[in-house]
Every structure is written in structure tokens, then in C-alpha cells.
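Please open the model in your viewer and keep the sequence panel beside it. The stops below are meant to be selected in order, with a short account of what is there at each one.

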Amino acid sequence: ARVLDLFRALDRNEDGLVSRGELRSKLMGLGLQVSPHELNELFYALDPDGSGAIDYEELRRALLEAGR
């Protein structure tokens, strides 16, 4: 449920996908200053299929991997 809550918080337009802009907006809203390069690195890590958007499963898998 917590991953779903995080995903919903990132997916501001509620289309079931997290765009680069949505991710950047959330990070900035949390007070995190990330360079364009850092944002790209994070986004590509969370979007391994390269679709240009992060779906719920991609976020869930990335968080599971990070927790190992």
C-alpha cells in the first residue's frame, strides 16, 4: 500500500504514469535540488523500458531492488 501511495503522490495528473516533469515537481516540492543530469539519471533508473514514463510496476521493482 505504501508504494501505491507514493506512486499516487507522484502521478499528479492521475493518468497511471509518472512523467519526468511530475518526478521533478515532486522532488522540488520536497525541497530537493537536483540538476538536470541527476534527474535524468534517476528517471532512467526508474524507467528501465525507456518508455518515457514510470508505471507502478517499474516504481515497485526499483524500490524492491533498492531495499535489498
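Begin by selecting Gly16, which touches Phe7, Asp11, Ile54 and Asp55 when residues up to four places away in sequence are not counted, contact being heavy atoms within 4.5 Å. This is a predicted model, in which local features need pLDDT of at least 70 and side-chain atom pairs count only at pLDDT 80 or more, while totals for chains, interfaces and linings use all residues. Residues are numbered from 1 along each chain as its sequence is written, and side-chain values use heavy atoms, with hydrogens and water left out.

Gly16 lies in the loop between H1 and H2, where helices (H or I, at least four residues) and strands (E, at least two) are DSSP runs numbered from the N terminus. Gly16 counts as partly exposed because its relative accessibility is 35%; buried means under 20% relative accessible area, exposed over 50% and partly exposed in between, with a 1.4 Å probe and protein chains only.

Phi of Glu14 is near 55°, a positive value in a residue other than glycine. Is Glu14 buried or exposed? With a relative accessible area of 71%, Glu14 is exposed.

Now show H1 together with helix H4 (residues 56-66), which pack at an angle of about 125° with their axes 10 Å apart. Axes are lines fitted to C-alpha atoms, for helices over the stretch in contact, and angles run from 0 to 180 degrees between N-to-C directions. H1 and H4 are therefore oblique to each other, given that angles under 35 degrees count as roughly parallel, over 145 as roughly antiparallel, 65 to 115 as roughly perpendicular and the rest as oblique. To see the contact, display Val3, Leu4, Leu6, Phe7 and Leu10 of H1 with Tyr56, Leu59, Arg60 and Leu63 of H4. These residues divide into eight nonpolar, no polar and one charged, where Ala, Val, Leu, Ile, Met, Phe, Trp, Tyr, Cys and Pro count as nonpolar, Asp, Glu, Lys and Arg as charged, and the others, Gly among them, as polar.

The contact is made by Arg20, Leu23, Arg24 and Leu27 of H2 and by Leu39, Asn40, Leu42, Phe43, Tyr44 and Leu46 of H3; the division here is seven nonpolar, one polar and two charged.

Stay in H2 and centre on Leu27, which is buried, with a relative accessible area of 12%. Leaving aside neighbours within four places in sequence, Leu27 is in contact with Leu32, Val34, Leu39 and Leu42. The C-alpha atoms of Leu27 and Leu42 are separated by 11 Å, and the two residues are 15 apart along the chain.

Finally, select Phe7, Leu10, Val18, Leu23, Leu27, Leu39, Phe43, Leu46, Ile54 and Leu59, the 10 residues of the largest nonpolar core, meaning a set of buried Ala, Val, Leu, Ile, Met, Phe, Trp, Tyr and Cys residues joined through side-chain atoms within 4.5 Å. Helix H1 (2-10), helix H2 (20-29) and helix H3 (36-46) each supply at least two residues of this core, and H3 gives the most, with three.
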